[in-house]
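Today I opened a new page in my notebook and looked up a few things in a structure. Come and read along with me.

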Amino acid sequence: MTASLPLGLSDVKTSKEIIVQDQPLKKSLPAFTTKALTKIYGEGAAAVHALRGVDLEIPSGEMVVLLGPSGSGKSTLLNIIGGLDRASEGTVFFQDQELSDMTDEQLTRYRRDHVGFVFQFYNLMPSLTAHENVELVTEIASDPMDPEEALGLVGLRDRADHFPSQLSGGEQQRVAIARAVAKQPTVLFCDEPTGALDSTTGRTVLQVLKDINETLGATVLIVTHAAATADMADRVIHFADGAIREIVVNKTKLGPEDIEW
Ligand SMILES: Nc1ncnc2c1ncn2[C@@H]1O[C@H](COP(=O)(O)OP(=O)(O)OP(=O)(O)O)[C@@H](O)[C@H]1O
């Protein structure tokens, strides 16, 4: 199934009005649809073909894991569908909104209103408490949850007044997840979210991501080298050399506590 007819964003005033008010989100549409998505860094002999015509559909509400060797294009894909970068060729739709057609301003609104990012190294502000780190986002989001509630979702309500240096790596990553979900994103992108964590702490973080997927209904896309994470996904996309090698839909999913790390 492909997305229905794309809405021409050039016809409208602001993408925020369209996405948030005029057009309610359409859960029945795929979260993302890409066609012949291509990314080439550099030119001539130095050109790097990071994505080589990727056709992909990611259903709304799924937990999706993206696996592949280093340099295969996973982060490039994440950055393009997350609105942080642009494709060289091809199209990408978020539901029925064509990201590849948006102005920079519209892409910024798309990120602000719909996208949460979680990275390997947390990116917390060291001089702000956990609560204040989350508040940085809730102050500018259109429909945020209370920072306390977001910290509660990741099990850190009682650590709200602690600074990052007073928290373990896993706790800092949970604050980063609270910050990402506090805006109630439609999609949550996680680039190596457990990359800096031991297996026990990594499982706790994966459990939090699973909870977010199930309780908030956010589509969660995880890029990882931890292949075992695939067992808890609805869908596993195997990437190689800038292209999709295989997509596996899991009939049954394991809980984070049951995956072999
Ligand atoms: N800004 C850039 N300029 C030039 N080449 C780039 C740039 N960003 C990525 N690349 C190249 O594009 C290819 C895909 O990179 P990408 O980071 O998407 O891979 P990846 O699968 O996420 O790798 P890893 O698992 O190591 O993070 C690689 O060959 C990389 O060197």
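Entry 1: I began with Val175, and setting aside neighbours within four places in sequence, I found it in contact with Leu124, Ala130, Asn133, Val134, Leu156 and Leu167. Contact here says that the C-beta atoms of two residues, placed from the backbone, lie within 7 Å. Val175 belongs to helix 6. Is Val175 buried or exposed? I noted it as buried, because it has 26 C-beta neighbours inside 10 Å. The scale I used calls a residue buried with 20 or more other C-beta atoms within 10 Å of its own, exposed with 12 or fewer, and partly exposed in between, with C-beta atoms placed from the backbone. I also looked up Gly116, which is 59 residues from Val175 along the chain, and their C-alpha atoms are separated by 13 Å.

**Entry 2: ground rules.** I reminded myself that this is a predicted model, where local features need pLDDT of at least 70, side-chain atom pairs count only at pLDDT 80 or more, and totals for chains, interfaces and linings use all residues. Residues are numbered from 1 along each chain as its sequence is written.

**Entry 3: the whole chain.** I listed seven helices and ten strands; these are DSSP runs numbered from the N terminus, helices being H or I with at least four residues and strands E with at least two. Of the 261 residues, 42% count as buried. Among contacts between residues at least 6 apart in sequence, 72% join residues at least 24 apart.

**Entry 4: helix 4 and helix 6.** How do the axes of helix 4 and helix 6 cross? The axes of helix 4 (residues 130–138) and helix 6 (residues 169–181) come within 8 Å and cross at roughly 30°. That makes the two helices roughly parallel, a label for angles under 35 degrees, while over 145 is roughly antiparallel, 65 to 115 roughly perpendicular and the rest oblique. Axes are lines fitted to C-alpha atoms, for helices over the stretch in contact, and angles run from 0 to 180 degrees between N-to-C directions. On the helix 4 side I wrote down Ala130, Asn133, Val134 and Val137, which meet Val175, Ala178 and Arg179 of helix 6. The residues of this contact divide into five nonpolar, one polar and one charged. Nonpolar covers Ala, Val, Leu, Ile, Met, Phe, Trp, Tyr, Cys and Pro; charged covers Asp, Glu, Lys and Arg; the others, Gly among them, are polar.

**Entry 5: helix 6 and helix 7.** The axes of helix 6 and helix 7 (residues 199–216) come within 9 Å and cross at roughly 15°. Helix 6 is therefore roughly parallel to helix 7. Among the residues making the contact are Gln173 and Ile177 of helix 6 and Val205 and Leu209 of helix 7.

Entry 6: Which helix gives the most to the shell around the ligand? Helix 2 does, with three residues. The shell divides into three nonpolar, eight polar and one charged.

**Entry 7: two positive phi values.** Most residues other than glycine have a negative phi. Gln184, in the loop between helix 6 and strand 7 (187–191), has a phi near 55°. Asp241, in the loop between strand 9 (235–240) and strand 10 (243–249), has a phi near 50°. Asp241 is partly exposed, with 14 other C-beta atoms within 10 Å.
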